[in-house]
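Let's walk through this model together, one side chain at a time. Have the viewer open beside you as you read.

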Amino acid sequence: MAGAIDDLIIDLSTLSFVVDAYGDRIAEAASMLARKRLLKIKLLAPRQSVEAVS
């Protein structure tokens, strides 16, 4: 999971630089990449059980 978080941080830093350089033309691609990385973290995170309230 630490690797997935590291990847996300590197990607966000890179995307921040690219957005500053190229403007809004890459907003959709940046958003898609961020969603993929966050999904990877979500899938790797340990699941917590939720108890049903009776």
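This is a predicted model: local features need pLDDT of at least 70, side-chain atom pairs count only at pLDDT 80 or more; totals for chains, interfaces and linings use all residues.

Residues are numbered from 1 along each chain as its sequence is written, and side-chain values use heavy atoms, with hydrogens and water left out.

Leu-44 has a relative accessible area of 46%, so it is partly exposed (buried means under 20%, exposed over 50%, partly exposed in between, with a 1.4 Å probe and protein chains only). Together with Met-1, Ile-5 and Ile-9, Leu-44 makes a nonpolar surface patch of about 350 Å². Patches are built from residues with over 30% relative accessible area and no salt bridge, joining like charges within 9 Å and nonpolar side chains (Val, Leu, Ile, Met, Phe, Trp, Tyr) within 5 Å. The accessible areas come from the Shrake-Rupley method with a 1.4 Å probe, and for residues only the protein chains shown count as cover.

Now for the charged side chains. How many salt bridges are there? With a salt bridge defined as a side-chain nitrogen of Lys or Arg within 4 Å of a carboxyl oxygen of Asp or Glu, the count comes to 3.

Take Asp-7 and Arg-37, whose side chains meet in a salt bridge at 3.6 Å, N to O. This pair links distant parts of the chain, since Asp-7 sits in helix α1 (residues 2–22) and Arg-37 in helix α2 (residues 27–44), 30 residues apart. Asp-7 also meets Lys-40 in a salt bridge, here at 3.4 Å; Lys-40 is in helix α2, 33 residues from Asp-7 in helix α1. Asp-7 is partly exposed at 27% relative accessibility, Arg-37 is partly exposed at 22%, and Lys-40 is partly exposed at 33%.

Asp-11 and Arg-37 form another salt bridge, at 2.4 Å, N to O. Asp-11 lies in helix α1 and Arg-37 in helix α2, so this pair ties together parts that are 26 residues apart in sequence. Is Asp-11 buried or exposed? At 15% relative accessibility, Asp-11 counts as buried. Through shared partners, the salt bridges join Asp-7, Asp-11, Arg-37 and Lys-40 into one network.

Key:
Helices (H or I, at least four residues) and strands (E, at least two) are DSSP runs, numbered from the N terminus.
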